[in-house]
Amino acid sequence: MTGPEIAAVGKAIEVLGQRALAQDEKTRDELLVAAQGTPEFQAAARTAAARIAVKERIKLRLYQPFARMIGVSKAYFEDVFPDEMAARTAHIPDEHMVTPPASVAVPAMQGLSYSFEEADLRELYLNLLTTATDDRRSESAHPAFAEVIKQLSARETTLLNATLSRLSVPAARLDDRADSGGYRVLLSHLIDVRDVLTNEPIEAPLAPLWIDNWERLGLIDVSYQSHLVDEKQYEWVVKRPEYIQFSRAIGVRKLVHTKGMISRTSFGERFIQAVSPPPGFVRPSTVEDAGGHVTLH
């Protein structure tokens, strides 16, 4: 039983609870036996039984049909995976829980089999499977989404989530302009990455690579021919550490920045909806983002 369930039992037999719960295992077992007839114990038992039933249903509907088709880690898929999926599917009524299509489940579980130790990627796969297991949302779980996750690194998922949560994000390109009017690109895809705790600008050297990857995958569009109308949206550029470094670099003649924007595509919008946590689910606080505590300003 869980702590809250034991607490409910203790409340039901308050005279014994305060003393017995602090004592040895034998005394605690006697307390549980004594409480079996109480409404609180019966409610706790029903809750525990429901959790077990959900876990077993997940094993039957997800693990067993597909695990045989791919190489998987039994230690994860038989023990940890049912618990994680049970927590995510708890909100799905029985009549709406369905076996996800193989076109989604097989690549998702295959991806899980070699990335389950990377918390951020595992989250995306689990949430995608949850979407596919709910017949009210299952059409949103496109088979291509599992392949998209396979082409992401764990470190880039934090910024990707922040980017796709918006319709558009201001971006800038740093150029070295010559008197003749020509220029050379010093840095593309500069975005205002901040420390989520201090709100201070921090460098993200791999962000341009990630943004190119997201554009290649069809999640975003990047343009330097158009930009956001509000000029204040670009005031952060000259305060960025990258801009300051280039402004002091030897050989840079005239540092200018070209305003641009990163726009979420329809495909990207559907992707983030499908891989976001289900309603009411809170990601355990013990899991930290591989990309660090970063956000977009």
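Biologist: Over how many bridges do strand β4 (residues 220-223) and β5 pair?

Modeller: This is a predicted model, where local features need pLDDT of at least 70, side-chain atom pairs count only at pLDDT 80 or more, and totals for chains, interfaces and linings use all residues. Residues are numbered from 1 along each chain as its sequence is written, and side-chain values use heavy atoms, with hydrogens and water left out. Strands (E, at least two residues) and helices (H or I, at least four) are DSSP runs, numbered from the N terminus, and two strands pair if DSSP finds at least two bridges between them. β4 and β5 pair in the antiparallel sense, and the number of bridges is four.

Biologist: Which residue in β5 is the bridge partner of L174?

Modeller: Strand β1 (residues 168-177) runs antiparallel to β5, joined by nine bridges. The partner of L174 in β5 is H257.

Biologist: How many of the 10 residues of β5 are buried?

Modeller: Buried means under 20% relative accessible area, exposed over 50%, and partly exposed in between (1.4 Å probe, protein chains only). Strand β5 spans residues 255-264 and is mostly covered. Its buried count is seven.

Biologist: Why does N213 count as buried?

Modeller: N213 sits in helix α10 (residues 207-216). Contact means heavy atoms within 4.5 Å. Beyond its neighbours within four places in sequence, N213 contacts Q151, L152 and E156. N213 counts as buried because its relative accessible area is 13%.
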